[in-house]
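User: Could you walk me through this structure? I'd like to start with the overall picture and then go into some details.
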Amino acid sequence: MDECLTVRTFVCLYCQEDGLDELDLRDHCNEHHASDSKHVVCAVCVQTPNGDPQYYSCNFIGHLNLRHCYYLDDITNLNQTDEMNIQCAILASYRDNY
Ligand SMILES: [Zn+2]
Ligand SMILES: [Zn+2]
């Protein structure tokens with residue numbers, strides 16, 4: 001029931017730091033791994049139904065900045081029915097009130 005409000009977290013592919021959400025991961029990689037040229041698979045895309053699990057980037061941070069500069073859930077919501085969006089909004093507003 002809370003699925004639409006769940007924030008997914010990812011592991012940094014460079015240093016294995018855990019618990020980063022999409023934007024945290026992007027900031028983290030920009031800050032710590034900007035000069036790291038290791039080829040990695042995008043952790044975010046791997047876990048995304050319409051992402052590319054084979055995506056193998058030689059410019060992962062550029063990819064993060066380009067593709068993950070927003071929460072994927074914001075995009076996902078665009079594909080939901082209006083009814084689902086309303087339900088999410090209702091749930092969210094209940095949350096805010098308590
Ligand atoms: Zn890291
Ligand atoms: Zn990606």
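User: What percentage of the 98 residues in the protein chain is buried?

Analyst: Buried residues make up 11% of the 98 residues in the protein chain, where buried means that 20 or more other C-beta atoms lie within 10 Å of the residue's own, exposed means 12 or fewer, and partly exposed is in between, with C-beta atoms placed from the backbone. Please keep in mind that this is a predicted model, in which local features need pLDDT of at least 70 and side-chain atom pairs count only at pLDDT 80 or more, while totals for chains, interfaces and linings use all residues. Residues are numbered from 1 along each chain as its sequence is written, and chains are lettered from A and ligands numbered from 1 in the order in which they are written.

User: OK, and how many helices and strands does the protein chain have?

Analyst: The protein chain has five helices and two strands, and along the sequence they follow the pattern α-β-α-β-α-α-α. Both kinds of element are DSSP runs numbered from the N terminus, helices being H or I with at least four residues and strands being E with at least two.

User: Which residues form the largest nonpolar core?

Analyst: That core has eight residues, namely Phe10, Leu25, Cys29, Cys42, Ala43, Val44, Phe60 and Leu64. A nonpolar core here is a set of buried Ala, Val, Leu, Ile, Met, Phe, Trp, Tyr and Cys residues joined through C-beta atoms within 7 Å.

User: And which elements give two or more residues to this core?

Analyst: Those are helix H1 (22-32), helix H2 (43-46) and helix H3 (60-67).

User: What does Cys29 touch?

Analyst: Leaving out residues up to four places away in sequence, Cys29 touches Cys12, Tyr14, Phe60, Ile61 and Leu64, a contact being two residues whose C-beta atoms, placed from the backbone, lie within 7 Å.

User: At what angle do H1 and H3 pack?

Analyst: H1 and H3 pack at an angle of about 145°, with their axes 10 Å apart; the axes are lines fitted to C-alpha atoms, for helices over the stretch in contact, and angles run from 0 to 180 degrees between N-to-C directions. The contact is made by Leu25, Arg26, Cys29 and Asn30 of H1 together with Phe60, Ile61, Leu64 and Asn65 of H3.

User: Which residues of H1 are buried, and where do they sit around the axis?

Analyst: Glu22, Leu25, Arg26 and Cys29 are the buried ones in H1, and they lie on the same side of H1 because they cover an arc of only 100° around the axis, the arc being that of the directions from the helix axis to the C-beta atoms.

User: What about Asp24, buried or partly exposed?

Analyst: Asp24, which lies in helix H1, counts as partly exposed because 15 other C-beta atoms are within 10 Å. Its C-alpha atom is separated by 8.9 Å from that of Thr9, 15 residues apart along the chain.

User: Switching to His63, where does it lie?

Analyst: His63 lies in helix H3 and is partly exposed, with 18 other C-beta atoms within 10 Å. The C-alpha atoms of His63 and Cys42, 21 residues apart along the chain, are 8.3 Å from each other.

User: Last topic: what is phi of Gln16?

Analyst: Phi of Gln16 is near 65°, a positive value in a residue other than glycine. Most residues other than glycine have a negative phi. Gln16 lies in the segment before H1 and is exposed, since 7 other C-beta atoms are within 10 Å.
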